[in-house]
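Q: Please walk me through how the features of a protein model are read, giving the general idea before each case.

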Amino acid sequence: MACCSSTRCTCPHVLPVLLQPVLSAVLHTMWCLSALPALHVGMMSLVYLPGLKSLNISGCVAVTDIGILMVAQLTNLTSLDMPWCVKVTNIGIKALAPLTKLQNLNISGCQLISEQGICSLAVFTNLEKLSMLNLGYSKVCVTDSGLERLSGLTKLHSLNVGSMQL
């Protein structure tokens, strides 16, 4: 594939059957997975990429907690960008717990994540960058005590909570 190299894939129309042979460290799937008719089949194909270090599923509005369970099997991930995956809930966020190497997490715009989900982020002790823009756009999403639960993230050097109802 001309749009893929050994370290990065930016193909706009990656199909599940093509994912297995890709040996990339970075996969940007922006909008492509949400366009697949059998989305969960596409997400299940991610398990064939155990060495994947960075995944971007930005704007994949059809991704649910079931899809996130597939992502949670990618234990080498250091970066996960999933803004505006609007069907992901606290259950999906908790399911990410096996991703102990995660350094960057973007859950901006995931409107179904509440304080309970935010508190579960405390397990990601390697996090350096956390973005939670536009969470709880129309209601209070997290309290001061919820944010205090993140105080154990001692490696965190960037926290973005813009447009969040606190």
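Q: How much of the protein chain is made up of buried residues?

A: This is a predicted model, in which local features need pLDDT of at least 70 and side-chain atom pairs count only at pLDDT 80 or more, while totals for chains, interfaces and linings use all residues. Residues are numbered from 1 along each chain as its sequence is written, and side-chain values use heavy atoms, with hydrogens and water left out. Buried means under 20% relative accessible area, exposed over 50%, and partly exposed in between, with a 1.4 Å probe and protein chains only. In this case, buried residues make up 47% of the 166 residues in the protein chain.

Q: What does the secondary structure of the protein chain come to, and in which order do the elements run?

A: Helices (H or I, at least four residues) and strands (E, at least two) are DSSP runs, numbered from the N terminus. Here there are 7 helices and 7 strands, and from the N terminus on the elements follow the order β-α-β-α-α-β-α-β-α-β-α-β-α-β.

Q: Which residues of the largest nonpolar core touch the most other members?

A: A nonpolar core is a set of buried Ala, Val, Leu, Ile, Met, Phe, Trp, Tyr and Cys residues joined through side-chain atoms within 4.5 Å. The largest one has 36 residues, of which Leu-80, Met-82, Leu-96, Ile-107 and Leu-121 touch the most other members. Helix 4 (residues 65-71) contributes the largest share of this core, 3 residues.

Q: Which residues is Asn-160 touching, not counting residues up to four places away in sequence?

A: Contact means heavy atoms within 4.5 Å. By that rule Asn-160, which lies in strand 7 (residues 158-160), touches Leu-130, Ser-131, Met-132 and Leu-133, sequence neighbours up to four places away being left aside. The C-alpha atoms of Asn-160 and Ser-131 are separated by 4.6 Å, although these residues are 29 apart along the chain. Asn-160 counts as partly exposed because its relative accessible area is 33%.
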